[in-house]
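Here is a protein chain to read through by question and answer. Each answer sets a value against the rule behind a word.

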Amino acid sequence: QVQLVESGGGLVQAGGSLRLSCAASGRTFSSYTMGWFRQAPGKEREAVAAISWGENYADSVKGRFTISRDNAKNTVYLQMNSLKPEDTAVYYCAAKTGLKTVPTMTLDYNYWGQGTQVTVSS
């Protein structure tokens, strides 16, 4: 069982930056693929970025967002730069058992955090 706790969300103006963190419980964090997802009001949940042996990004955030992990701290991060109003959503951290060269961007992750709100004002 893995418990995930996100932090770092908030209100920011367009063009600004935020850094989300996700702290994971458990002793096998390094063996999990980690992902960030988001869900805006009235929209389906979508993948933003994932990290395994490699990284993967949604086209809408490439060049602006960076996912990283610190296995010693059991933490995954999402650095978000050049934020746009359309990035406004609840952001969720998720963990999936196993590692891949290109991490999956589908929703079939095993564990999910409670989410953190990101609001970008225009």
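Q: What makes strand β4 and β9 a pair, and in which sense do they run, parallel or antiparallel?
A: This is a predicted model, and in it β4 (residues 32-39) and β9 are joined by eight bridges. Two strands pair if there are at least two bridges between them. Eight bridges meet that rule, and the sense is antiparallel.

Q: What makes β10 a partner of β9?
A: The rule asks for at least two bridges. β9 and β10 (residues 111-112) have two bridges and pair in the antiparallel sense. A95 has Y111 in β10 as its bridge partner.

Q: How many bridges join β9 to β11?
A: Three bridges join β9 to β11 (residues 116-121), and the two strands run antiparallel. With at least two needed, three bridges are enough to call them paired. Y91 is bridged to T116 of β11.

Q: Why is β9 described as largely enclosed by the rest of the structure?
A: A residue is buried when its relative accessible area is under 20%. Seven of the nine residues of β9 are buried, so the strand is largely enclosed by the rest of the structure.

Q: Why is K96 called buried?
A: K96 belongs to β9, which covers residues 89-97. Its relative accessibility is 16%, and the limit for buried is under 20%. K96 therefore counts as buried.

Q: Which residues does K96 touch, leaving out those up to four places away in sequence?
A: They are Y32, T33, T104, D108, Y109 and N110. A contact here requires heavy atoms within 4.5 Å.

Q: What makes K96 and D108 a polar contact?
A: A polar atom of the K96 side chain lies 2.9 Å from the backbone oxygen of D108.

Q: What parts does the pair C22 and C93 tie together?
A: C22 lies in β3 (residues 18-24) and C93 in β9, so the pair ties together parts that are 71 residues apart in sequence. Both cysteines are buried.

Q: Why is the disulfide of C22 and C93 called left-handed?
A: The torsion about its S-S bond is about -75°, so the disulfide is left-handed.

Q: What makes the phi of N74 worth a remark, and is N74 buried or exposed?
A: N74 is not a glycine, yet its phi is positive, about 50°. N74 sits in the loop between β7 (65-70) and β8 (75-80). Its relative accessibility is 17%, and under 20% is called buried, so N74 counts as buried.

Q: Why does S82 count as partly exposed?
A: The relative accessibility of S82 is 40%. Partly exposed covers values between the buried limit of 20% and the exposed limit of 50%, so S82 counts as partly exposed. S82 lies in the loop between β8 and β9, and its phi is also positive, near 50°.

Q: Which strands form the open sheet of four, and in what order?
A: The order is β1-β3-β8-β7, with antiparallel pairing. β1 (4-7) and β7 are at the edges with a single partner strand each, so one side of each is left without a neighbour in the sheet. From one strand to the next, the twist averages 15°.

Q: What makes β1 and β3 a pair?
A: Four bridges join the two strands, which run antiparallel, and at least two are required. S7 has S21 in β3 as its bridge partner.

Q: Why is the protein chain called as compact as a globular protein of its length?
A: The chain has zero helices and eleven strands. Its radius of gyration is 13 Å, close to the 14 Å that the globule rule gives for 122 residues, so the chain is as compact as a globular protein of that length. Buried residues make up 47% of the 122 residues.

Conventions: Residues are numbered from 1 along each chain as its sequence is written. This is a predicted model: local features need pLDDT of at least 70, side-chain atom pairs count only at pLDDT 80 or more; totals for chains, interfaces and linings use all residues. Side-chain values use heavy atoms; hydrogens and water are left out. Buried means under 20% relative accessible area, exposed over 50%, partly exposed in between (1.4 Å probe, protein chains only). A polar contact is a pair of N or O atoms within 3.5 Å; within protein, one must be able to donate a hydrogen and the other to accept it, and residues adjacent in sequence count only if both atoms are side-chain atoms. A disulfide is a pair of cysteine sulfur atoms within 2.5 Å. Axes are lines fitted to C-alpha atoms, for helices over the stretch in contact, and angles run from 0 to 180 degrees between N-to-C directions. The radius of gyration is taken over C-alpha atoms; the globule rule is 2.2 Å times the number of residues to the power 0.38.
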